[in-house]
Amino acid sequence: MEQCHNRLKKGMDTWVLDADIKGAFDNISHQYLLETIGQIPGRELIKQWLKAGYVEAEIFNPTNSGTPQGGTISPLLANIALNGMEQFLSQYKKVKVYEYFEKKKGKYRKCRKKSDKYGFIRYADDFLITAQTREDIEAIKLILEQWLSKRGLELNQEKTKIINIKDGFNYLGFNVRQYQGKCLIKPSKEKIKSFLSKIRKWLKEHLNHKQEAVISQLNPIIRGWANYYRYGVSKEMFSYIDHHLWKALWQWSKKRHPQKGKKWILRKYFRQIGGYSFSFAIKTKDRRSDDKIISMVRMSTIPIERWEKVKNNASPDDPELATYWNKRQTKQGKTHWTKGSKLYRVADNQGWHCLICKEHLFNGEQLHTHHRIRVTNGGTDGEENLIHLHKTCHQLLHMSKQPLLQKA
């Protein structure tokens, strides 16, 4: 989405080829894949997977092309098939002429600058090509069809569209559009409606759930949805969703107590939390039987951020870029918890690394917070008794008879 903004902001490209590959996983050429991967270890095993076929209704069906949808290696093979499209497009250049005034000679001079004619954005088999004119898009579409045909692929003519950025388009759940020359990337209306519909449906089907169970069930869903869209222009949409979620929770509360008045329902289910009136919240007990208040997440409190793209072709597997990836992962981690909070300080004290495997905490694995001294043995929730670990490392710590943490 950041690349979309870079190519479609004011003064850049205005036309988009929203491409869709017809049966991408079903039609990839086996011969092209095997030639591309070359004589690597495991090549024959990959060939066997591709040619294995399948049995349906006791009838064997050979697989002469394509990769199994849902297969572990299928996304990788699809990426191999489509790899090189960016380099292919980069051979087409455009020349822009700049005019500037040279003070020494006292006259205007012209300067020519070459740049890529086409912008390219791809996620798996879903990709966009951008350009300044419709003619450029129509020209590259024909050339691209030839490029895909060598891989056994073709464009789905019904779903592939040429769009002007002023009309906007949906991509990966976002809507990309120019408003008075300014490119804004927002959550798409369809995704917002679908999200709210799922929440409403769940609430209708779980009228008998306790309030704390509703909060525990919906909070991760709400937070996860907001974290996905927080890199766009989403603040207004977050407030809109908060409003409709509150209405859905109000209806849920009223249906549980049809004989009670509005004031009674407000007192029972809603509280003032963090300056917000009527937050859906309840007082409950923690593991030590102490009182605590849990409340529904407000999307509007989740900060909007700009995503920082990875430099060029930087790979996490390149040992020379270890410092770069470490700094990038730490920067990402610092947005996971509120700065200055207890859990933030715990991660900072660890240097943002897991104490068991020594890998960065934010390497993509799920995180757990571990008590050095167990709560059942009198351990507290103070930051001196807490450490963050990867989920698998946490499980290993509890299963192992050796003092892994002491060694670390």
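Begin by selecting R223, N227, T335, H336 and W337, which lie nearest the centre of the second largest pocket, a site lined by 28 residues. A pocket here is an open set of points on a 1 Å grid over the protein atoms alone, where a 1.4 Å probe fits and protein lies on both sides within 12 Å along at least five of seven lines, and lining residues have an atom within 4 Å of a point. Helices α9 and α13 (342-349) and strand β15 (367-371) are the elements that give two or more residues to the lining of the second largest pocket, where helices (H or I, at least four residues) and strands (E, at least two) are DSSP runs numbered from the N terminus. Strand β15 supplies the largest share of that lining, three residues. The volume of the second largest pocket is about 1,100 Å³, a volume being the space filled by probe spheres set on grid points that are joined across faces, edges and corners.

Before moving on, note that this is a predicted model, in which local features need pLDDT of at least 70 and side-chain atom pairs count only at pLDDT 80 or more, while totals for chains, interfaces and linings use all residues. Residues are numbered from 1 along each chain as its sequence is written, and side-chain values use heavy atoms, with hydrogens and water left out.

Next, select M1, Q3, I121, R122 and K309, which lie nearest the centre of the largest pocket, lined by 37 residues. About 1,500 Å³ of space lies in this pocket. Colouring by element shows that α1 (2-8), α5 (74-82), α6 (85-90), β6 (119-123), β11 (182-187) and α9 (211-229) each supply at least two lining residues, with the largest share, four residues, coming from β6.

Now turn to F169, L203, V214 and F280, which touch the most other members of the largest nonpolar core, a set of 43 residues. Such a core consists of buried Ala, Val, Leu, Ile, Met, Phe, Trp, Tyr and Cys residues joined through side-chain atoms within 4.5 Å, and buried means under 20% relative accessible area (1.4 Å probe, protein chains only). Apart from this core lies another, of 30 residues, among them I28, L50, I129 and W147.

Finally, select Q329 in helix α12 (residues 322-333). Q329 counts as buried because its relative accessibility is 18%. Leaving out residues up to four places away in sequence, Q329 touches H360, F362 and N363, contact meaning heavy atoms within 4.5 Å.

Technical notes
Buried < 20%, exposed > 50% of the residue type's maximum accessible area, 1.4 Å probe, protein only.
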